[in-house]
Amino acid sequence: MTVGGTSQFTATLKDLSGSVLTGLPIAWTSSNPTVATVTGSGLATAVAAGSSTISATSGGITDSATLTVTAPAPVSPGAVTDLVVSDVTDSSVTLSFTEVNDGAGRPASYDIRWAAGALSWGSATDVSRGSCAVPLSGTATGAKRSCTVVGLAPATGYRFQMVAFRGTLNVNAVFGALSDVASGTTAAAGPTPVASVTVAPANDSLTVGATPQLTATLKDARGDTLTGRSVTWASDAPAVATVSANGVVTAVATGAAAITATSEGKSDTAAITVTPVPVASVTVSPANASLHVGVTEQLAATLKDASDTVLTGRTVTWASSNSAVATVSPSGLVTAVGVGLASITATSEGVQGAASVAITTVTRPGTVTDLAVAGVTDTSVTLSFTEVNDGTGLPATYDVRFAAAPLSWSAASDVTRGSCKVPMAGTAIGTKRTCTVLGLLVGTVYQFQLVAYRGTLNMNAVFGGLSNVVSGTTAATPAPVASVTVTPANASLVAGATQQFAATLKDSSGTVLSGRTVTWVSSNSTVATVNASGLTTAVAAGTVNISATSGGVSDTATLTVTAPVVTNPGTVTDLAVTGATDSSVTLSFTEVTNGAGQPASYDVRWAAGTIAFGAAADVTKGTCSVPMGGSAIGTRRSCTVLGFASGTSYQFQLVEFRGTLNVNAVFGALSNVASGTTTASAAPVASVTVSPASANVVVGAGQQFTATLKDAAGNLLTGRSISWASNALGVAPVNGSGLVTGLVVGTATITATSEGQSGTATLAVSAAGAGGTWPNEPAGFTVLSDYGFDDVVPATN
């Protein structure tokens, strides 16, 4: 049979003796529903050209019949013979006619033309306004069809004619014969009063910030649509939703509002409900925390909508996966209860975020047992002790206290002056440490004690035991300065550079003196200047003496200043990738000179895959952002490039320069190229975008779709599992890589899903019609129809 036809199959059941059986259930199936379908009663319908086996099964016994479906032989579309004018207004004419076949078994499309007065088809105008606008698609062969031509002049005689066709106008259309000509005269001008107003949509649920367009359709008493009339829009609750003069609604705040459109005394209303923007993501920070038993940590939950805008005022529920390890308060305050791991989750509107908390036992810092007084002056005491562990393998920090003897720890004062000032950070476990307490009274007995701790004083400090108490008496009178030593004794600078000189004062016993006034002087300020703290600035080439004087005693250092030698900047030869995350790469290199004695600046570039410096992009995100200023020649420098896609290989290169980029920069040579690959992102998939969003193929052709995955921050994600699905397997199935094949004429929605997030695209499958082409088509040939290799082709073809 041909496509669109039906055939009634029957099944006769017999027992072993050959007697016909009745009243037993029969199951009917088609081996290829894309070619032919079959109902439960055995009625088969031809769908597309091909072959299908129709089977009937009862009591486990099956018999089959073969059904061959052929495509209908194409013929010219039918001709409309009953075109008439059925109604008129002052600006429109309504036509009616009986729909015809397109010659291929489907309803035809129509080209309708008009002219004022006499009509000549070749010079007549296509209808472009109203429901008769060309091309006018058919609906059902044999049905009575009405459509309206609008935009006509009042009180004017018009003629109309049409032609049925299949295919696409001006491309491959196959036409039937011209219809009869219908005539009609528009009514005299005069506005028809508005009889009804309809607002669409009548109901809408919006989120705050949404701006949908409402439409008001005006009709007269006959049901004809009216245009060009004034419409007034109003909201009964502007605090919830406002409406513009052209019907655009803006959702302002949660609640309900009625939006009314009024024209010539007639009204209609749309009910608008405004809800909050839903929570799309919850991020808990810090994402990981390590606490000791008994310690607390405040977590924070950041809520964002689908456009990554931070949301406030929402309810957040906190929960712990293991309350024996860690509990969490309604405000997100975590308390470490026992050793182990716990996941702390924050939930808002069904969306969750989590942080991992590791709880360990507390090991207290060590105890200093050898605190001693190593020296005194009239206003200071120098202490010494052996540094201890802070309980986690790092040097402890120290709280040092003093009092005029005797000392009580709780009443003693923290040291606030000198190198013993609290808090005093540790340096190295087991080393001998000295520090000085300044600002003491002359000739006074003092006692000192300290305690080692880790953490932050008055917040989360964990303490060791109190040290031994030591005593010391400040000198009765200030010891005179016996010697001054300036260091370094000799120095060389390039003009423009600086050098910090230091003066060490000692008494006659060799004890270092502090708190004394030191005067600094340069012997030639045109060569170098020196400030009150000994910081010397080289001005011009030459030699100068820098002197420090205290208590009438002096010492001098020699400074040689040379003119800077200007050359091209140095070249970085050890650029390397030292670390990577799912969205960043850390670089390191040894800093070089800018050719004028100062640290160079750097232009750092990157590319996915292989880098070509001229085409590569400057780094614009992270601490490697261009221009990157230098810090110190010869030091190892690290910086980070942000904003990369996960699981992607990148290459990096830099060039050294002095001056200003794009203005007067002087460059060194290009560095070596460093390569690195970002790690696979652990962030969940937040969006899936299928491309192309829509496509068209002919039967038998394929279309490759791709899916782009991104996290909530908009970063590209790779290496994730993607599943593909089609909502119309009989029209266009899709494989696991997103390749879709068109089987029959129709439309299919193709969906890509990853980690619960989906994106869709639309595929339209059409038949290859007259005027089409195929690869390697011989000159002078035209495609009329096409068939698969296993199709049954009609003899007429």
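Predicted model: local features only at pLDDT ≥ 70, side-chain atom pairs only at ≥ 80, totals over all residues.

Q: How do I read strand pairing, and which strands pair with strand 14?

A: Strands of a sheet pair through backbone hydrogen bonds, either parallel or antiparallel. Here a strand is a DSSP run (E, at least two residues), numbered from the N terminus, and two strands pair if DSSP finds at least two bridges between them. Strand 14 covers residues 157–166. It runs antiparallel to strand 11 (residues 109–116), with 8 bridges joining them. Strand 16 (residues 182–185) is also antiparallel to strand 14, through 4 bridges, and strand 15 (residues 174–178) pairs with strand 14 in the antiparallel sense over 3 bridges.

Q: Which residues face each other in those pairs?

A: Tyrosine 158 of strand 14 is the bridge partner of alanine 116. Arginine 159 sits opposite serine 183 in strand 16, while arginine 166 has valine 174 of strand 15 across from it.

Q: Is strand 14 mostly covered or mostly open?

A: Buried means under 20% relative accessible area, exposed means over 50%, and partly exposed is in between (1.4 Å probe, protein chains only). Strand 14 is mostly covered, since 8 of its 10 residues are buried.

Q: How do I spot a nonpolar core, and which residues touch the most other members of the largest one?

A: A nonpolar core is a set of buried Ala, Val, Leu, Ile, Met, Phe, Trp, Tyr and Cys residues joined through side-chain atoms within 4.5 Å. The largest has 24 residues, and Leu383, Tyr398, Val400 and Phe448 touch the most other members. Strand 37, strand 38 (397–404), strand 40 and strand 41 (445–454) are the elements that give two or more residues to this core. Strand 41 gives the most, with 5 residues. Apart from this core lies another, of 23 residues, among them Val688 and Ala752.

Q: Let's zoom in on serine 92: buried or exposed?

A: Serine 92, which lies in strand 10 (residues 92–98), is buried because its relative accessible area is 9%. Its side chain makes a polar contact of 2.6 Å with that of threonine 89. A polar contact is a pair of N or O atoms within 3.5 Å; within protein, one must be able to donate a hydrogen and the other to accept it, and residues adjacent in sequence count only if both atoms are side-chain atoms.

Q: And where is phenylalanine 613?

A: Phenylalanine 613 is in the loop between strand 56 (601–608) and strand 57 (617–618). With 15% relative accessibility, phenylalanine 613 counts as buried. Its C-alpha atom is separated by 7.1 Å from that of glutamine 653, 40 residues apart along the chain.

Note on methods: Residues numbered from 1 in each chain as written. Heavy atoms only, no water.
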